[in-house]
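Student: I have not looked at this structure before. Could we go through a few of its residues one by one?

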Amino acid sequence: SFSSFYLHSINPNNVPLAVDVTNFSGRVNGSYDELTWTTTNERNFDYFNLQHSSNGVNFETIEKIYSASVNGNSTQPLNYAYKNLQPHNGHNYYRIQGVDKDGQNTIHTQVIDLYHSWIGHEISIYPNPAKDLVTIELYSTTSQNNTIQLFDMSGRLVKQLQTSFMAGLNTLQLNIDDLSTGVYTLQVYSNGSLIHVNQLRKDN
């Protein structure tokens with residue numbers, strides 16, 4: 001069976017955030033996952049909790065990453081990175097929680113879903129939610145013909161891409177700018193066999 005992507009209520013009281021996060025992304029690199037993100041402003045900021053889930057619902061912190069700013073304050077871009085050397089077989093969901101020096105915490109809205117399969121396919125799909133372009137990275141041990149299909153909630157096929165991938169890491173982009181806001185189901189087929197199912201949210 002396949003797991004799904006879930007959305008969570010974030011910062012419901014609109015409390016000013018101690019950190020502005022941009023470019024949160026992830027990729028499968030062989031047997032491990034690479035997560036990267038950038039901050040453009042940090043105010044009285046302390047550290048990040050990088051959190052992981054295998055079902056998209058129950059998250060646990062796997063690493064605490066302290067602020068790279070001076071005394072928790074910065075107006076310059078700062079880059080962060082982490083490698084998870086022991087991802088699970090199947091879906092690996094990641095999110096980041098920021099904690100300021102007063103102990104207040106907020107969760108960044110974007111969740112990264114990286115997929116590992118021990119049959120020779122490893123898939124990364126980001127960003128999610130997305131506004132226009134979705135990047136699909138697939139690592140394969142062999143060359144293959146792939147079909148990517150996107151369905152709306154009524155089961156109607158709204159997008160389809162067919163492409164040939166070589167052995168190694170392959171990247172393609174799916175343009176969803178013309179789709180309505182909502183949740184869609186993305187399916188990836190390799191040589192005619194379904195290898196990945198994921199829910200993707202389209203935002204304005």
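Student: Which residues does Q187 touch, not counting residues up to four places away in sequence?

Tutor: This is a predicted model. Q187 sits in strand β14, which covers residues 182-190. With those close neighbours set aside, the residues that Q187 touches are T147, I148, Q149, F151, L194, H196 and V197.

Student: Is Q187 buried or exposed?

Tutor: The relative accessible area of Q187 is 17%. Buried means under 20%, so Q187 counts as buried.

Student: Which side chain does the side chain of Q187 join in a polar contact?

Tutor: The contact has a length of 3.0 Å. Its partner side chain belongs to Y189.

Student: Where does D152 lie?

Tutor: Strand β11 spans 144-151, and strand β12 spans 157-165. D152 is in the loop between β11 and β12.

Student: Which backbone nitrogen lies 2.8 Å from a polar atom of the side chain of D152?

Tutor: The side chain of D152 also makes a polar contact of 2.7 Å with the side chain of S154. The backbone nitrogen at 2.8 Å is that of R156.

Student: What is the relative accessibility of I112?

Tutor: I112 is placed in strand β8, residues 112-116. Leaving aside neighbours within four places in sequence, I112 is in contact with several residues, including F24, L35 and Y126. I112 counts as buried because its relative accessibility is 0%.

Student: What separates the C-alpha atoms of I112 and P127?

Tutor: Along the chain, I112 and P127 are 15 residues apart.

How values were computed: Residues numbered from 1 in each chain as written. Predicted model: local features only at pLDDT ≥ 70, side-chain atom pairs only at ≥ 80, totals over all residues. Heavy atoms only, no water. Helix = DSSP H or I, 4+ residues; strand = E, 2+ residues; numbered from the N terminus. Polar contact = N/O pair within 3.5 Å; in protein donor to acceptor, adjacent residues only side chain to side chain. Buried < 20%, exposed > 50% of the residue type's maximum accessible area, 1.4 Å probe, protein only. Contact = heavy atoms within 4.5 Å.
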